[in-house]
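Here is a short report for a reader who is new to this structure. Look at the model first, then read on.

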Amino acid sequence: MVGTELALFIMIGALSILAAVMMLISENAVHSALFLIVNFACVAFLYLMLSAPFLFAVQITVYAGAIMVLFLFVIMLMGAERVLPQETQRFPWLSSATLGITMVLLFVAGLAIIRSDLGDSEPKPSQPIFRFVHAVAGTDAVDVYINGERVVSDLEYREASDFEKFPAGSYTAQVIPHNADLVPENVLLETPVFLAGNGVISYVLTPDVANGGVQALQVEGRIDANDEKDFARLTVVHAIPCAAACPIEVADITEPSDDPQVLVKSLEYGQVAHLELQEGDYTLAAYNQGDVRAALDERGDTDEKLNLNALVEIDDKVVDQNTGVLWVVTQDTTGGNVRPKILWFALDNNPDFGSAEGIGQLLFTDYLLPFEVIGLLLLTAMVGVIVLTKQHETPKKERFRRRMANVAGNPTVEEYMQSMRKNAADSSGD
Amino acid sequence: MNKPEVATELFVLLSAVLFTLGSMGVLLRRNAILIFMSIELMLNSANLALVAFARQWNQTDAHLLVFFVMTVAAAEVAVGLALIVTIYRTKQSTDVDDLHSLQG
């Protein structure tokens, strides 16, 4: 059974190869250019399949648009659309040699690609990445400084910052209210941060019940793909502050008719639980520990409805294969009443992969210098084109001399030479 | 990231086929404009392989590289076509076999 995407790939790929072959064998250069446009459009579509929408747009506008218009323009300008049949090949052996070499090249490349183990490798972040999650109810936005440098700005309650990439090592993180000065009396929390390998770390800021203030829970989440199992990773963090012990349990209540499936038995405040779920739609709920057991016991063997009130539930969240999800059980204080609330963050390490936003961000941070160089190159090319295609005019002096030579009355070269010879004969006769 | 339905190998294989076709065009056709188009085809197939590997390794940087390649290709097309136009003015032909003045 061939999936839709694969069928589409086969069709588009075949069309692109067909267009390339037609481009090669067309007798008319205009037809060749048009077939090349078809090929470019196919490649643009493949970019879309490879989740590169920005490149899709650039391919259509720049390649299939601007560059091909330039080609067609030059072909029509020179009237060179008809490619003359090649009467004499300068190198008769070239065709057969080319065919042989390209066949060998294709065979080697195909063999290398087929025998490669690309499918077994996993995409990994090359540097450790981390982010901060603000889960301290009832406080204002904060800034986070790493070694005195502001990396997170204006992080509101219930928000997660973008992932930051830092070289492995140990750092000091300081959390202060938004726009406050970085002075010791403003610092809400100062905590060491250890980054190692290709870790993916979320620092969840929660209220510190014992000492007051804020504490940071270090939550490690794996986000690398795991092809062998259709599992998604769910990380649950208990962040509802309570003075005494208040463990919660997490249950799967996707099927209302079934009994809740307890996934996490006991989770104390500040603790982290890692779950692996089969991909699919889920409704998950958090309860005070023991509530599910008590409700089941109370109901007994009857068919009555379970008398169970969840602290909080989150429904119809699609848990995709190979995604990681961070679930912070915290308090919502909006509107005056305090009730539990779940913050749901996907642990996708590269949320804007291929998007115009992601590319723009890279372009103006890591690749600003190459961008400038490319701009300069375009400028140079523009000047070069003007210099190359400039008609070489004959110099002014030369034109003037020619015009003067044609004016009646002026001696032609022959007359001049004759007068010279005459002068020479006269002088020798003296 | 979900496991892609179309494997990276297939994209790279398609890119290899297109590259081979492009190189055949460069070697077999004698019209300068067609040779130029074949070079564009080869550049495009290389771009396709880059984008496929970008998805494989989940790196946006490769997309940026493709963007740069496209920009350089645009510059190259402009200069190359200008050269062809200049040559056509003097030789009245775009056949590369006519251009052998540097041959000893």
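## Chain B and a helix pair

Of the 104 residues in chain B, 58% are buried. The model is predicted. Chain B has 3 helices and 0 strands. From the N terminus, its elements run α-α-α.

| Property of chain B | Value |
|---|---|
| Buried residues | 58% of 104 residues |
| Accessible surface | about 3,900 Å² |
| Share of that surface from carbon and sulfur atoms | 70% |

Next comes the meeting of the two chains. Helix H1 of chain A packs with helix H1 (residues 8–28) of chain B. Their axes lie 10 Å apart, at an angle of about 5 degrees. The angle is under 35 degrees, so H1(A) is roughly parallel to H1(B). On the H1(A) side, the residues in contact include A:Leu6, A:Phe9, A:Gly13 and A:Val21. Among their partners in H1(B) are B:Leu10, B:Phe11, B:Leu14 and B:Gly25.

Chain A also carries a nonpolar surface patch. A:Leu15, A:Leu18, A:Val21, A:Met22, A:Ile25 and A:Val38 form this patch. Together they have about 470 Å² of accessible area. Helix H1 (residues 4–25) of chain A gives the largest share, 5 residues.

A:Met22 sits in helix H1 of chain A. Is A:Met22 buried or partly exposed? A:Met22 counts as partly exposed, because its relative accessibility is 30%.

Methods. Residues numbered from 1 in each chain as written. Chains lettered and ligands numbered in written order. Predicted model: local features only at pLDDT ≥ 70, side-chain atom pairs only at ≥ 80, totals over all residues. Heavy atoms only, no water. Helix = DSSP H or I, 4+ residues; strand = E, 2+ residues; numbered from the N terminus. Buried < 20%, exposed > 50% of the residue type's maximum accessible area, 1.4 Å probe, protein only. Areas by Shrake-Rupley, 256 points an atom, 1.4 Å probe, with all protein chains shown as cover. Patch = residues over 30% accessible without salt bridge, like charges linked within 9 Å, V, L, I, M, F, W, Y side chains within 5 Å. Salt bridge = Lys/Arg side-chain N within 4 Å of Asp/Glu carboxyl O. Axes fitted to C-alpha atoms, helices over the stretch in contact; angles between N-to-C directions. Parallel < 35°, antiparallel > 145°, perpendicular 65-115°, else oblique. Contact = heavy atoms within 4.5 Å.
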